[in-house]
Amino acid sequence: VYRAIKSELGQFPAPFGINHYLIFDMDIDTPKQITKLLRKAFFIHKRLKHKLVIKVLNPGDLNILGTLKKLRRDNIIIDIDYYDGGREQIIFKDLTQYHIGLVIVSRRLFAEQQIREILFDAHIPVIKLAERSFSKIKESVVVLAHNKDLERVSTTVFDISSQMGFNLEIVSYMSDQNEYEEEILEHFQNLSTIFSKMIKVIDLEENPIRVLRQKENFLHCVPFTEKMLATPITTIFSTDTERLYHRLDMFHQVFIPVKI
């Protein structure tokens with residue numbers, strides 16, 4: 001087991017796929033936002049290597065299109081969709097054709113119900129980029145929950161954190177702990193030994209989301225489950241930290257499928 005887990009270190013986005021897929025919609029993302037998305041996507045691409053596919057939906061800004069065409073390299077593919085054959089068909093075709101293992105989207109695009117449903121069905125990790133700097137992130141953050149989904153994505157969390165050079169913080173809500181959380185925390189501590197990567201456990205007596213909203217920057221790691229498909233207004237009275245992921249959407253978030 002030790003050798004199997006150790007061999008996975010440095011392989012992300014495998015086993016989900018190989019290449020990275022930045023997708024933006026010019027009807028949703030403004031030229032200024034697209035420029036920022038590109039800068040952050042290149043930073044991620046440089047750290048994780050492999051190829052970066054840039055997909056453009058609803059092309060309209062000629063300046064952005066001209067800039068994109070100049071970015072073509074052996075490891076950067078520019079794919080502009082001029083025909084709008086339907087988001088679902090377009091995205092699923094690309095994910096297979098380009099052997100995609102990581103999707104990168106904007107906060108505004110991920111907020112769309114249809115996009116979340118498409119990406120959930122794809123069973124591929126998704127990084128949702130916020131307005132804050134990505135290159136200045138120093139830690140990945142995991143908030144313990146009442147289920148074992150975090151245990152299923154733990155190896156990927158460690159791999160992403162290691163490759164990106166982030167410290168890893170585990171946040172626990174002390175007044176709401178249960179046996180699942182204790183088992184998950186023990187699991188992370190065991191992986192910490194295997195990966196030779198220290199983790200910092202933070203025990204809070206108040207709502208962790210409220211505390212995390214005060215932080216300057218971090219990458220929030222979340223299991224990508226059906227909970228993410230709920231509209232934010234339906235979770236207003238929820239105490240489930242995973243359902244309330246949108247309360248932290250001003251930070252960068254990575255959604256990791258619990259199954260491949």
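I take contact as heavy atoms within 4.5 Å. The model is predicted, so I note its limits: local features need pLDDT of at least 70, side-chain atom pairs count only at pLDDT 80 or more, and totals for chains, interfaces and linings use all residues. Residues are numbered from 1 along each chain as its sequence is written, and side-chain values use heavy atoms, with hydrogens and water left out.

**Entry 1: Lys197.** I found Lys197 in the loop between α8 (179-195) and β8 (199-204). Helices (H or I, at least four residues) and strands (E, at least two) are DSSP runs, numbered from the N terminus. Leaving out residues up to four places away in sequence, Lys197 touches Phe158, Ser161, Ser162, Phe166, Asn167 and Ser192. Lys197 is buried (under 20% relative accessible area, 1.4 Å probe, protein chains only). I looked for a salt bridge (a side-chain nitrogen of Lys or Arg within 4 Å of a carboxyl oxygen of Asp or Glu). Lys197 has none; Asp159, the nearest side chain of opposite charge, is 9.7 Å away. A polar atom of the Lys197 side chain does lie 2.7 Å from the backbone oxygen of Phe166.

**Entry 2: the sheet.** I traced 10 strands in an open, mixed sheet, ordered β3-β2-β1-β4-β5-β10-β9-β6-β7-β8. Strands pair if DSSP finds at least two bridges between them. β3 (76-80) and β8 are the edges with a single partner strand each, so one side of each has no neighbour in the sheet. β1 (residues 19-25) and β4 (residues 100-106) run parallel, joined by 4 bridges. Leu22 has Ile104 as its bridge partner in β4.

Terms used:
Buried < 20%, exposed > 50% of the residue type's maximum accessible area, 1.4 Å probe, protein only. Lys, Arg positive; Asp, Glu negative; His and termini not counted. Polar contact = N/O pair within 3.5 Å; in protein donor to acceptor, adjacent residues only side chain to side chain.
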